[in-house]
There are 2 protein chains.
Amino acid sequence: MESEAALLTDLYQLTMTEAYLAEGQWDEGVFSLFARRLPRQRNYLVAAGLEDVLQTLEGLRFESEDLAWLESTGRFSDRLLRWLERFRFSGDVDAMPEGTPVFAQEPLLEVRAPLPEAQLVETYLLNLVHLQTLAASKASRVVEAARGRPVMEFGLRRIHGADTGLKVARAAYLAGVDSTSNVLAGKRYGIPLAGTMAHSYVQSHDDELEAFRAFTRVYPDATLLVDTYDTLRGIQHVIRLARERGEEFRVRALRLDSGDLLALSLAARELLDEAGLQRVRLVASGGLDEEQVAGLLARGAPIDSFGVGTAMGVSADAPSLDMAYKLVEYAGRARVKLSAGKALLPGAKQVYRQEEDGVARRDLLVRRGDAAQGRPLLRPVMRAGQRVPGAVASLAEAREYARRERERLPREVRALQPARPPYSVVIGDGLARARAHEVEVWATEP
Amino acid sequence: MESEAALLTDLYQLTMTEAYLAEGQWDEGVFSLFARRLPRQRNYLVAAGLEDVLQTLEGLRFESEDLAWLESTGRFSDRLLRWLERFRFSGDVDAMPEGTPVFAQEPLLEVRAPLPEAQLVETYLLNLVHLQTLAASKASRVVEAARGRPVMEFGLRRIHGADTGLKVARAAYLAGVDSTSNVLAGKRYGIPLAGTMAHSYVQSHDDELEAFRAFTRVYPDATLLVDTYDTLRGIQHVIRLARERGEEFRVRALRLDSGDLLALSLAARELLDEAGLQRVRLVASGGLDEEQVAGLLARGAPIDSFGVGTAMGVSADAPSLDMAYKLVEYAGRARVKLSAGKALLPGAKQVYRQEEDGVARRDLLVRRGDAAQGRPLLRPVMRAGQRVPGAVASLAEAREYARRERERLPREVRALQPARPPYSVVIGDGLARARAHEVEVWATEP
């Protein structure tokens, strides 16, 4: 964990910890991290961020400079500062593997630890899992829309932050995107890199054909951007270049970045084919999202791959999830919360996915330990602050797992349109009874 | 700049640089960074991110490890790698001060440098300015809606990334937000910290009143969260605590976090006042945005301050800006781009703000160097890779400047509703002629 990163938290995590220490609230708490509901435009989410969660829990330290600053604020006791200085996360984590399709109310992960520890990590964990699940869930829709055609992630310039660009590129790749323009994501995660050329390159030359000549001298198999001045003329310039170069012509693709991409792709394909350039592919980009990708393909646009940037990178149609990290058990007693619209199911849980003929039919949400049919989705990934060996897959494995899991979802759940009815998450009898019991207890409290 | 940060860029920045070096495209280029259009829900943007831009340009280095990895990909020549190894940004930057209200087509900043340098920095600069301008612009609306009541920034858990949480907290403070829950933002930028308590704190106690007793033993002037089980009962628990504590009772405020905040705040105020607790304030939170804040106050909700999190932190109604960094001049010649919907005004520019009776009436967008009436907004901030001394204000100064500049905007532009007509940005005659000339040149190109 980087220096100062431990201070990237909400003030109340520290003040509540202060109070827990003062009161001796040392018993074990269980927190569930889950989405209270899904955005209207999401039939499922794709769990992501677990690898970073485990790294954070393993590495979380308050450095002496952090502690000195906290002390200088005059807000905190020596007791808290000494506790923070010695802080090492010692708890357990159960989690869904990255790439698992997940639904409302289902825990993506649960943390069990002495209450001050489990409380203190809330902001770090929510920030990591929220962002990456958000990004993977959006990317999964784009991949679905592209129907097997490669998708390139181009969002870095408008994703919210540079480090976030890295995390989003990883989440998108996990969800099935094929490549990224983000160079560090290539280095760090081994994601294939993709890139073409910008309008500025074309503009810096005195004419477009000259720009294409120059670029292909350096990168003969480039993808050429043809819409700087006029797309159809840009295509003609590529065809002229092909005639000039003859056998040497190796341009891989044209990129269409503006205008009516259906009409332009049809025209481009026709012009290229007439010129004998059947093997030159078409890349579309320019403000695309999954709806536009699906619409272009439905109308027969002969586009071979898609560059998708901002809309995927910021999850434009649903830029946040109603995701929370909530106390569900303390000192062996299940805990609830009854706030309007934000009620909570008590206790540690497990999710069983029930499949028929290889298709997921429903999930059963039960108390941890209750017997149930189906495939349990939450697995032990950390015990006593240490990773469970082999519990977390490599990115490549997680990507393959995500692909298989998505293919097991019912067609209407994978679709871009809202599934009617939504995928069924059934609350087990024991859990339902536990909740009814807690509601009654609190309703009769003075 | 952190290690590896130079690789947080798009692949094509490196491949285009490779091509520029191969061709000897060393002449000076000017790039403009601007919003092509504003989101429907924004009458103005608030420029932000300049401090980070200058730090990035001063500190941008390709480390040996970065270079070794780039070499290992086999994509790049020794010439490029040697150039990257020696890279130091040597160009000039003119920019609007942070906190300036800015409109579509107006450059927030312009970079003048040898073309490969000016090109290479695109992704870093866009990412920084886009995010921070997005966040400051949204926060400015929330501040406007709160009509002088304090706003606390609570977004870290769902802002897109932890480092992004830091940048958003700064941008929100710049735009007039009063405090943040983000501890590191307090340390790094001196922003006042704010925080209350979470539901988990209440839940971990066997009853709510006991939780309030315990917390106020540690923090007597706390803000107590009253909606964990039932808001009205929570308020009664605070009143009981006041009776128990008598003179010692120093609770500052109650926080309402769910339910009908208008009805609950009216009820809370009445109950508190009846109990003689007029000085206990009301804080509202829970999925708030500027529309809800404005609506609550318009209907007379007696709320004293607002905690605003996710909706502000991800700019939920407009999570990206159509912001671009475009070549407008190369080798002394103005450059355009005519792509459908993305046309570009040629040449380096200046923006003059024209005011009457202290109110901004229109902006005039002209070629740099053209004479015009009004207050020029772009200032030299970097020359030959060095900051112009005194050119960049402190955060406190920038915040005060932002406040004054916002107050100079016409009332309908500051309002939350779309201004009809929008604020007027007039294109100067010289610039209009230059654009017409370029369109003609390109229209007649073969």
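Me: Is A185(B) buried or exposed?
Reply: In this predicted model, the relative accessible area of A185(B) is 0%. Buried means under 20%, so A185(B) is buried.

Me: Which residues does A185(B) touch, not counting residues up to four places away in sequence?
Reply: A185(B) sits in helix α8 (residues 183-189) of chain B. Its C-alpha atom is separated by 5.5 Å from that of L166(B), 19 residues apart along the chain. With residues up to four places away left out, those touched by A185(B) are L166(B), A169(B), T180(B), G190(B) and I191(B).

Me: How many of the eleven residues of helix α10 of chain B are buried?
Reply: Helix α10 of chain B spans residues 208-218 and is mostly covered. The cover of its buried residues includes α1 (11-23) of chain A, along with α9 (199-203), β8 (223-225) and α11 (231-245) of chain B. Among the buried residues are F212(B), R213(B) and F215(B). The number buried is eight.

Me: Which residue caps the N-terminal end of α10(B)?
Reply: A side-chain oxygen lies 3.0 Å from the backbone nitrogen of L209(B). That oxygen belongs to the capping residue, D207(B).

Me: Are α11(A) and α12(A) roughly parallel or roughly antiparallel to each other?
Reply: Helix α11 (residues 231-245) and helix α12 (residues 261-274) of chain A pack with their axes 10 Å apart, at an angle of about 25°. Angles under 35 degrees count as roughly parallel, so α11(A) and α12(A) are roughly parallel.

Me: How many residues of the contact of α11(A) with α12(A) are nonpolar?
Reply: The contact includes I235(A) and I239(A) of α11(A) and L264(A) and L271(A) of α12(A). Two of the contact residues are polar and none is charged, while the nonpolar ones number eight.

Note on methods
Residues numbered from 1 in each chain as written. Chains lettered and ligands numbered in written order. Predicted model: local features only at pLDDT ≥ 70, side-chain atom pairs only at ≥ 80, totals over all residues. Heavy atoms only, no water. Buried < 20%, exposed > 50% of the residue type's maximum accessible area, 1.4 Å probe, protein only. Helix = DSSP H or I, 4+ residues; strand = E, 2+ residues; numbered from the N terminus. Contact = heavy atoms within 4.5 Å. Polar contact = N/O pair within 3.5 Å; in protein donor to acceptor, adjacent residues only side chain to side chain. Axes fitted to C-alpha atoms, helices over the stretch in contact; angles between N-to-C directions. Parallel < 35°, antiparallel > 145°, perpendicular 65-115°, else oblique. Nonpolar A, V, L, I, M, F, W, Y, C, P; charged D, E, K, R; others polar.
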